[in-house]
Amino acid sequence: MNKRLLWGFASLCGLAVVTLLLVPSSLHQSSPRDTDEPPPQTSTEGLTEVARLDLPAEQSSDGSDLMGTGDEPRDAASMEAATPKPPSHHLDHLNQRAARAGEPTLAMRQPETATSQDAGWQAEVWSYPPLLQQNASNNFVRAMERLANAKTEFERYRALGSAAKSDFVFGRIQDARNYATELLSLDERFEAEPWRDGSAVYDANLVLGRIAAKEGKLDEARQYLLEAGKSTGSPVLRSFGPNMSLARDLVQHGERDAVLEYFELCRKFWTMGSEKLTRWSEDVKAGRMPDFGANLFY
């Protein structure tokens, strides 16, 4: 009888030990789901405006959607604080950093130190909405830094297009002309290279055409526009589409036939923009200025 009791007691003790070993330790700890605190979430505050600045998107021709709804009142001080500083403000920082690293500075690229050839040219960028001004300012700094750091002809070739476009926007017309001309020269040299696309042809002719239009040389501006339209395209041109600022300039000068021909040329590489090109063509034929939207800014 005593043996039976001892075996029974031993069996119960063994069962208790096994049960304790098999119960998950997580049951003895508080789970985040059992607490009153909600699980942490990733904040998306501020991402919308950054995305709108860095990625081409649909917008009105004056960039108003980049500005938000604008429902909240803004006083003069807040508006001034939101307005970006000229690129020289950023270049000073870059020059200081370059000096500490013993690298060449970008002091010669200050946009406000215009040459005599640029006298009387007003920087287009300051007519942009504030957020687009900031984006253009950032692009200017990046373009100048990339060009200054180019150590090979290939690297310079890749940097010249952005530099030429940024210089034009900031009123550095002579530099813009020089860079665009150099870009076309290098493009001819690299014509047989398998990695070459149509971005250089497009960017260079766009800049040279805009300069010609501002100088009143409409024959040259028309020719540059059509040469830009003959580009074979690039990943950006095929997706987001071409910059239409030169087309707008010529529409303002009444050069409708050249602009319509240009639209047809763009169809060859911008198949995704067929509907837009059709709509813009209809506007031009009707004597209206098309709403080019974001295609004025990239």
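**View 1. The buried residues of helix α12.** In helix α12 (residues 256-266), the buried residues are Ala258, Val259, Leu260, Tyr262, Phe263, Leu265 and Cys266. Here, buried means under 20% relative accessible area, exposed means over 50%, and partly exposed covers what lies in between, using a 1.4 Å probe and the protein chains only. Their cover includes α8, α9 (218-229), α11 and α13. The model is a predicted one: local features need pLDDT of at least 70, side-chain atom pairs count only at pLDDT 80 or more, and totals for chains, interfaces and linings use all residues. Residues are numbered from 1 along each chain as its sequence is written, and side-chain values use heavy atoms, with hydrogens and water left out.

**View 2. The whole chain, to get your bearings.** The protein chain has 13 helices and zero strands. Helices (H or I, at least four residues) and strands (E, at least two) are DSSP runs, numbered from the N terminus. Read from the N terminus on, the elements run α-α-α-α-α-α-α-α-α-α-α-α-α. Of the 298 residues, 38% count as buried. The accessible surface of the protein chain is about 18000 Å², and 54% of that belongs to carbon and sulfur atoms. These areas come from the Shrake-Rupley method with a 1.4 Å probe, and for residues only the protein chains shown count as cover. Take the contacts between residues at least 6 apart in sequence: 68% of them join residues at least 24 apart. Contact means heavy atoms within 4.5 Å.

**View 3. Ser281 of helix α13.** Ser281 sits in helix α13 (residues 274-285). Its relative accessibility is 5%, so Ser281 counts as buried. Leaving aside neighbours within four places in sequence, Ser281 is in contact with Leu260, Phe263, Glu264 and Arg267. Val259 is 22 residues from Ser281 along the chain, and the C-alpha atoms of the two are separated by 8.4 Å.

**View 4. Helix α6 against helix α7.** Two packed helices are described by the angle between their axes and the distance between the axes. For helix α6 (residues 153-169) and helix α7 (residues 173-189), the axes come within 8 Å and cross at roughly 145 degrees. Axes are lines fitted to C-alpha atoms, for helices over the stretch in contact, and angles run from 0 to 180 degrees between N-to-C directions. The crossing of α6 with α7 is left-handed, a term for a near helix turned anticlockwise from the far one by less than a right angle, right-handed being clockwise. On the α6 side, the contact includes Tyr157, Leu160, Ala164 and Phe168, and on the α7 side it includes Ile173, Tyr179, Leu183 and Leu186. The residues of this contact divide into eleven nonpolar, one polar and seven charged. In this grouping, Ala, Val, Leu, Ile, Met, Phe, Trp, Tyr, Cys and Pro count as nonpolar, Asp, Glu, Lys and Arg as charged, and the others, Gly among them, as polar.

**View 5. Helix α7 against helix α8.** Move along to α7 and α8, which pack at an angle of about 145 degrees with their axes 9 Å apart. The crossing of α7 and α8 is left-handed. From α7, the contact includes Ile173, Ala176, Ala180 and Leu184, and from α8 it includes Val201, Ala204, Leu208 and Ile211. Eleven nonpolar, two polar and three charged residues make up this contact.

**View 6. Helix α8 against helix α11.** Helix α8 (residues 199-214) and helix α11 (residues 245-252) pack at about 25 degrees, with their axes 9 Å apart. That angle makes α8 roughly parallel to α11; the cut-offs are under 35 degrees for roughly parallel, over 145 for roughly antiparallel, 65 to 115 for roughly perpendicular, and oblique for the rest. The crossing of α8 and α11 is left-handed. Asn205, Leu206, Gly209, Arg210 and Ala213 of α8 make the contact with Ser245, Leu246, Arg248 and Asp249 of α11. These residues divide into three nonpolar, three polar and three charged.

View 7. Arg288 is partly exposed, with a relative accessible area of 45%. Asp291 is partly exposed as well, with a relative accessible area of 45%. Not counting residues up to four places away in sequence, Arg288 touches Glu282 and Asp283. Arg288 and Gln252 are 36 residues apart in sequence, and C-alpha to C-alpha they are 9.8 Å apart in space. For Asp291 and Arg279, twelve residues apart in sequence, the C-alpha to C-alpha distance is 9.3 Å.
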